[in-house]
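Visitor: Could we go through this model together? I would like to begin with one residue and then widen the view.

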Amino acid sequence: MDERIDIKNLDRNELKGLVRQFGKEDYRARQIIHWIYHENVDSYAKMTNLSKKLRDLLQKTSRMDCPALAAVQTSRDGSQKFLFVLDDGESIESVLIPDKGRRTLCISTQAGCSLGCRFCLTGQRRFSRNLSTSEILGQILAVQRMSKNRSLTNIVFMGMGEPLANFKNTLKALEIMNYDDGLRFSKRRITLSTVGLIPEIEKLGQSSQRCRLAVSLNATNCETRTFLMPVNRQYPLEDLLDACRRFPLAPRERITFEYVLIKGMNDSDEDAKRLPRLLQGIRAKLNLIPYNESPLLPFERASEGRILAFQQALLQKNLTAIIRRSRGADISAACGQLRGEFRI
Ligand code: SF4
């Protein structure tokens with residue numbers, strides 16, 4: 001077991017503290033951030049504007065490797081799924097989705113998930129643990145490295161796990177992703193999706209908010225939502241939407257609500273009528289996601305006719321409602337299909 005500290009767990013101030021311990025100036029921390037996140041080098045030896053002595057000290061006391069890539073699968077539609085194996089043997093997945101000028105990486109924040117949403121394969125896997133800040137950031141660096149100069153444009157926290165259930169490490173990763181001498185992702189290029197942990201949504205709103213918020217809604221009444229998403233017992237629909245009403249937004253910014261359309265479950269005309277009423281007073285847009293069926297789960301995708309009728313009903317009420325066709329379904333990389341178990 002490597003006993004050294006993991007340098008990607010350190011924010012800028014902590015990094016300054018580390019270089020000060022070596023008797024070095026604060027600006028060295030900025031240089032190290034630049035090498036790790038902007039240049040994406042894989043060893044201290046390549047940090048050529050640091051003295052040999054400092055590089056040796058860093059090497060001796062800290063590690064900078066990324067999670068080990070165990071397998072890659074490529075979909076017919078060009079998206080790619082990456083399986084990473086962590087130091088303790090846990091496995092996680094990330095998905096790269098190229099789309100016109102965009103290259104979006106969907107990253108994981110936990111190994112497994114404890115929230116047990118019934119339509120999600122990750123939720124059927126046992127929860128193992130939270131990922132460290134370094135393991136969250138390491139997915140981005142490893143995929144960037146593999147992509148050879150084709151930079152990622154967007155990051156979505158929609159992989160395995162609930163990011164707000166790993167609040168501290170997720171928030172720190174967001175902060176480091178924003179550094180202008182590092183990865184340089186601006187707030188509007190990062191989206192964090194949550195099932196609706198109200199206290200953490202509030203804490204995120206009170207922080208300097210380094211991402212856009214998406215909320216996984218999936219039902220228009222408490223009964224259905226509790227059935228699909230047991231977390232609704234703890235944080236009921238109306239309370240969640242009130243928290244969204246209070247969430248501070250920049251001018252023209254909106255909260256995205258994700259709505260997975262499941263046949264006979266949440267795709268009725270009544271659901272489509274209730275949605276605009278529920279979202280009143282929230283600057284919202286809706287992503288309608290046709291359910292990705294799995295032989296391991298008992299649900300079916302809403303019919304094409306239903307999906308279009310559902311969208312139409314929302315558009316007539318002046319709601320922005322976009323049908324999001326999932327990518328990578330043939331390699332189980334689509335929304336709700338990640339299990340951290342695939343092999344090639
Ligand atoms: S949808 Fe998200 S929160 Fe729900 S079980 Fe799946 S990974 Fe966990």
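Visitor: Where is Arg63 placed?
Guide: Arg63 is in strand E2, residues 62-63; strands (E, at least two residues) and helices (H or I, at least four) are DSSP runs numbered from the N terminus. This is a predicted model, in which local features need pLDDT of at least 70, side-chain atom pairs count only at pLDDT 80 or more, and totals for chains, interfaces and linings use all residues. Residues are numbered from 1 along each chain as its sequence is written, and side-chain values use heavy atoms, with hydrogens and water left out.

Visitor: Is Arg63 buried or exposed?
Guide: Arg63 counts as buried, at 11% relative accessibility. Buried means under 20% relative accessible area, exposed over 50%, and partly exposed in between (1.4 Å probe, protein chains only).

Visitor: Which residues is Arg63 in contact with?
Guide: Leaving aside neighbours within four places in sequence, Arg63 contacts Asp2, Arg4, Ile5, Asp6, Ile7, Tyr44 and Asp87, a contact being heavy atoms within 4.5 Å. Arg4 is 59 residues away from Arg63 along the chain, and their C-alpha atoms are separated by 6.1 Å.

Visitor: Turning to the core, which residues have the most contacts inside the largest one?
Guide: They are Ile7, Phe257 and Leu279, in a nonpolar core of 105 residues. Such a core is a set of buried Ala, Val, Leu, Ile, Met, Phe, Trp, Tyr and Cys residues joined through side-chain atoms within 4.5 Å. In soluble globular proteins, nonpolar side chains tend to be buried together.

Visitor: And what does Phe257 touch?
Guide: Not counting residues up to four places away in sequence, the residues touched by Phe257 include Val215, Leu217, Leu241, Leu279 and Ile282. Lys285 and Asn287 are also among them.

Visitor: A change of topic: what is the phi of Asn218?
Guide: Asn218 has a positive phi of about 70°, although it is not a glycine. Most residues other than glycine have a negative phi. Asn218 is in the loop between strand E11 (212-216) and helix H7 (222-228), and is buried, with a relative accessible area of 0%.

Visitor: What about Arg252?
Guide: Arg252 also has a positive phi of about 70° and is not a glycine. Its loop runs between helix H9 (237-246) and strand E12 (255-261). Arg252 counts as exposed, at 81% relative accessibility.

Visitor: Finally, how many helices and strands does the chain have?
Guide: The chain has eleven helices and 14 strands. Buried residues make up 56% of its 344 residues.
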